[in-house]
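The sequence and structure follow.

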Amino acid sequence: MNVLGISGSPRKEGNTAILVKEVLKHLRGKRNFISLAGLNINPCDSCDRCWKENVECVIDDDIRWIIKEMEKADAIILGSPCYWGMVSAQLKMLLDRSVSIYEKNTLKNKIGAVVVTHDVHGQAGWMAAVLIANFYNANGILYAGRVIGEGGAEIGHVRKDKRAMRGAKEVAERMMELYEIMKGKQKKRDYKCLLRVCFSQGLQNRYFKPIFEAPRATNKQANPQNTRITITSPP
Ligand SMILES: Cc1cc2nc3c(=O)[nH]c(=O)nc-3n(C[C@H](O)[C@H](O)[C@H](O)COP(=O)(O)O)c2cc1C
């Protein structure tokens, strides 16, 4: 699975980044991480040219390559600190600007997980989590769950939140499970298609044996020792 984790915190190594990376750690496959901290990101100005003229967003900033990375991924983890009960301005700008690919449906059927950190003993993170889940819903992204952790001003505090650490692993497992289901469905479709071709060409004896495996659930755990995550920065 090709997974992209994004932290919308202005603190590059902050609690949100830590929790997003914790989910990535429990996943298998290609794992990329982007921090929106310090990047050149601007708000959508609703010029509407993207969908009216079917062109790339006309604002030339870092959002362009980030959206391309999102389109390349099989799964996305969007993370944000809770700011006044909502997502950070940085993440909100990314969500708004992705309206430029909304009509193209290029995020459809990807798998999406939500990460939010709020204050120590905070309660408000769920509202930010709902906003990201709504974004997934609107774009046809398959929701794999959310993890909300206690962050606060101290960077690294979220590591003490054992419930969030457990939650990160659970969300990762669900992402893998959804991915296996999707892959299985794809194989089944390919298999049916191959059978049709074989029969139509009289090759049934040669190719009748299933070449593609039937979908199966996986109980395999990700290897937590394998923590290599690629940090993706501006091209
Ligand atoms: C501008 C601002 C607004 C915040 N608003 C809230 C809030 O409404 N509720 C809350 O629980 N925490 C709030 N916090 C705390 C952050 O959500 C928390 O410290 C978070 O873990 C920071 O994530 P980071 O380390 O990735 O930057 C706010 C912090 C800032 C800077």
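Which residue stands opposite Thr117 in β4? Pro81 does. The model is predicted: local features need pLDDT of at least 70 and side-chain atom pairs count only at pLDDT 80 or more, while totals for chains, interfaces and linings use all residues. Residues are numbered from 1 along each chain as its sequence is written.

**Overall layout**

The chain holds eight helices and six strands. Both are DSSP runs numbered from the N terminus: helices are H or I with at least four residues, strands are E with at least two. Along the sequence the pattern reads β-α-β-α-α-β-α-α-β-α-β-α-α-β. Of the 235 residues, 37% count as buried. Buried means that 20 or more other C-beta atoms lie within 10 Å of the residue's own; exposed means 12 or fewer, partly exposed lies in between, and C-beta atoms are placed from the backbone. Among contacts between residues at least 6 apart in sequence, 76% join residues at least 24 apart. A contact requires C-beta atoms, placed from the backbone, within 7 Å.

**The sheet**

The six strands form an open sheet in the order β5-β4-β3-β1-β2-β6, with parallel pairing. β5 and β6 (230-231) stand at the edges with a single partner strand each, so one side of each lacks a neighbour in the sheet. Two strands pair if DSSP finds at least two bridges between them.

| Strand pair | Sense | Bridges |
|---|---|---|
| β3 (residues 75-81) and β4 | parallel | seven bridges |
| β4 and β5 (residues 142-150) | parallel | eight bridges |
| β2 and β6 | parallel | two bridges |

**Strand β4**

In β4 (residues 111-118), eight of eight residues are buried. Side chains in a regular strand alternate between the two faces of the sheet. Here both faces are covered: Ile111, Ala113, Val115 and Thr117 lie on one side, Gly112, Val114, Val116 and His118 on the other. His118 stands opposite Glu150 in β5.

**The core**

The largest nonpolar core has 52 residues, of which Val23, Ile77, Val115 and Met175 touch the most other members. Helix α7 (residues 162-200) gives the most to this core, with eight residues. Such a core is a set of buried Ala, Val, Leu, Ile, Met, Phe, Trp, Tyr and Cys residues joined through C-beta atoms within 7 Å. Leaving aside neighbours within four places in sequence, Val115 contacts Thr16, Leu19, Val20, Val23, Ile77, Gly79 and Val147.

**Helix α3**

Ile63, Ile66 and Met70 are buried in α3 (residues 63-72). Seen down the axis, the buried residues of α3 fall within an arc of 65°, so they line one face of the helix. Their cover includes β1 (2-7), β2 (30-35), β3 and α4 (89-97).

**Two loop residues**

Asn54 has a positive phi of about 55° although it is not a glycine. Asn54 sits in the loop between α2 (49-52) and α3. Asn54 counts as exposed because it has 10 C-beta neighbours inside 10 Å. Trp84 also has a positive phi, of about 50°. Trp84 lies in the loop between β3 and α4.

Methods. Arc of directions from axis to C-beta. Contact = placed C-beta atoms within 7 Å.
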